[in-house]
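Please look through the chains below before reading my notes. The points can be checked one by one.

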Amino acid sequence: MKNVFSLAVISGILTTTVSLATPYLYAAIGETFAQSSGVVNLGVDGIMLLSAYAAFYTVLITGNLWLGLLAAAVVGLLMGLLMSLISVTLKAEQGISGIGLYMFGLGLSSLLFETTIGTVKTVVGFPPVKIPLLGDIPVIGPILFRNSLPVYGAFLLVPIAWWVLERTTLGSKIKAVGQNPAAADSLGINVDRIRYFSVCLGAVLAGIAGASLSIALLNLFQDNLTAGQGFIAVALVYFGGWSPWGVLGGALLFSVVNSFQLWMQVLGVNIPSGIAIMLPYLLTIAALTITVNRVRQPAALNKPFERGES
Amino acid sequence: MRPNKTASSEQSSKRPVIDWTSIAMNVLLPVGGVVIALLIGVVMLVFLKADPVAAYAALIDGAVGSTFGLTQTLVKATPLLLVGLGICIAFRASVINIGGEGQIMAGAMMATWFPLTFHTWPGWLLIPATLVMGFLAGAAWGFIPGILKARLRVNEILSTIMMNSIAQQLMNLLLQGPLMDPAGIAAKTFLPQSAELPHQVWLPILVPTTLLHAGAILAVVLAVLVYLFLWRTTIGYRIRAVGLNPEAARYSGINVPFHQALAMTLAGGFAGLAGVVEVIGVQHRLLEGLTSGYGFTGIVAALLGGLHPLGLIPASILFGGLLVGGNTMQQAVQVPSALVGALLGLVVLFVSGSALYQRRWAAQRKTTEQREEGVKA
């Protein structure tokens, strides 16, 4: 018991944190794009599941990890197109169409899993890549610089997403469409096209989030593999105030709590596991409560746009 | 503006009480959504190398082909109807309740603990008491996201999803500890299920040799009551006003946050009742996987029923039939029952997507009517 807070345990907790944060980062950064354009995509978890399956099955058959990643991205894109069609073109209530997308992804992924794989198998996923020099730094090296490529990708995505949203014309258009679609429309911005793009980009990233689970971190697929991680990713977007840096903070906070509870269980610290597993969800509700009034959400979030409607 | 207003009010008084075209429109579009989903199901079955005709024949046969199948359909429809009633109330107030699963579990946990604790009470007292307690447990589970939305503007979609996960963990915790069947502990099987409930709390069976229980009647009675509540009481009117236009409701002096929290609490209560009915009507104990996704399927049924308590009755029977028939199909043509889950997801997508055409049609009819009135004037 006395060595619970030893250096080895703390660095173990932090290493696990970095892994756990990876799928949240991809999915939540993707959702940040969709929501910045005014579309809530609640189907992230369904996209992650179907893409995780696609990536896993591709790797199982071909052994090619990059092909697996591509399969996940393509499935994500298709799901994104479906979501855009229903939510942007047909202007559905987004909370409901997202649940439909989730149910579809969950059902189809377990259907395909049962018919094509059947039992839980494992694949050889993306191996850890040690970054020269940086990987040799004591303590920090193993935590940050000896991860697999998808993990590095997730953390690199944060500044890239920030740059796109804050420093490019495309980012301005996305945010304009999310804040005031009527004004954006009168400036000649094609609202629907920008929203299609943002939702699909988000869905592709959700697909990569799923792949990061099935072919980089866990290297397996089973029924409901994500266990609701996509929904937490959506919550992280609110928590992060629609900013990639905020999302990074939320993902790390959430993952460190989760990692801590996992390690406490491994070390046999006597907390009932049910309460420990509940902790992240309670934390999410608390985080939503604390952060809800801090940042203004995109003004047109969850509002379909129709020309001529004020 | 003023003459127009009187004209339209005259028009509305002339309109028949039952508006058949409107009902047809509200029925046809969602049913169209179901048909499209089933057609996509055909494609999926072909990909799975199963005979679509045999598969759908098995589905229909399983759902309505025998007395037992038919009663099973009603057994599955009962919790869907109860959850759906809550969804109707919440969605009518513009509160998106995704927390059905957690609220069902809250009701189910209460419906297990309460009769096991008060097992000496006679049935005539224990059954109503359990129903009330389960309703309250579900209501409490809905109240938390409701009050968080009302007071602190916390997004209810996310908080209800988190409440689902918390209920799930709480139930696992109870089934591995305090509520675990003592017989299972004695026999060292340690199955994650509770002891069997005292027999006097079991709901009476309506049709001998089937599993159809009195909960089905309760659900239908409640559907009528919810209809009267929403359309014939002041609170119901206010809940709908809040949903139609929160700004207008606020200006007319309606306490919007209060009615949203109330709607969410009631929604939780009805989902809680679904959990009670599953426990004391079907399983007679608490066990893992008890909710069977009713919390989500109930949303589908409510949407398909046009968010109307009476429309919900046929809609929940339809989905009860799909669930029962899905199992038969699985056995008949060796297709995983997850297919039904995927198809239900498509139904939600298409039904939510068809709402646009419903709105456009309503708007078009309004302008035509106004134009006709103008011609008359």
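Predicted model: local features only at pLDDT ≥ 70, side-chain atom pairs only at ≥ 80, totals over all residues.

1. Which residues of the largest nonpolar core touch the most other members? They are A:L25, A:L236 and B:I89, in a core of 216 residues. Helix α9 of chain A, residues 191-217, gives the most to this core, with 17 residues.

2. Beyond the residues up to four places away in sequence, B:I89 touches B:V226, B:L230, B:I239, B:A263, B:L266 and B:A267.

3. The two chains meet through 36 residues of chain B and 39 residues of chain A. On the chain B side, α6 (123-152), α7 (156-176), α13 (294-304) and α15 (338-376) each supply at least two residues. The largest share of that side comes from α15(B), with 13 residues. By class, the side of chain B that touches chain A has 26 nonpolar, 9 polar and 1 charged residues.

4. Helix α6 of chain A covers residues 149-167, and its 19 residues reach 26 Å from first C-alpha to last, close to the 27 Å expected. α6(A) bends by about 30° at A:L157, with a proline, A:P159, following within four residues. A:L157 is also one of the buried residues of α6(A), which include A:P150, A:V151 and A:A154. The buried residues of α6(A) pack against α1 (7-36), β2 (146-148), α7 (169-179), α9 and α11 (244-266) of chain A.

5. Helix α4 of chain B, residues 67-92, can be checked in the same way. At 1.5 Å a residue its 26 residues should span 38 Å, and the end C-alpha atoms are 36 Å apart, which agrees. α4(B) bends by about 25° at B:A77, and the proline B:P79 follows within four residues. Of the 26 residues of α4(B), 22 are buried, so that the helix is mostly covered. After α4(B) comes B:S94, whose phi is positive, near 60°.

6. Where does B:S194 lie? Its place is in the loop between α8 (182-186) and α9 (215-232) of chain B. Is B:S194 buried or exposed? B:S194 counts as buried because it has 25 C-beta neighbours inside 10 Å, and the cut-off for a buried residue is 20 or more. Leaving aside neighbours within four places in sequence, the contacts of B:S194 include B:T112, B:L175, B:R285 and B:L286. The C-alpha atoms of B:S194 and B:L45 are separated by 38 Å, and these residues are 149 residues apart along the chain.

Terms used
Residues numbered from 1 in each chain as written. Chains lettered and ligands numbered in written order. Core = buried A, V, L, I, M, F, W, Y, C linked by C-beta atoms within 7 Å. Buried ≥ 20, exposed ≤ 12 C-beta atoms within 10 Å, placed from the backbone. Contact = placed C-beta atoms within 7 Å. Nonpolar A, V, L, I, M, F, W, Y, C, P; charged D, E, K, R; others polar. Expected span 1.5 Å × (residues − 1). Bend = angle between axes of the 7 residues up to and from the residue.
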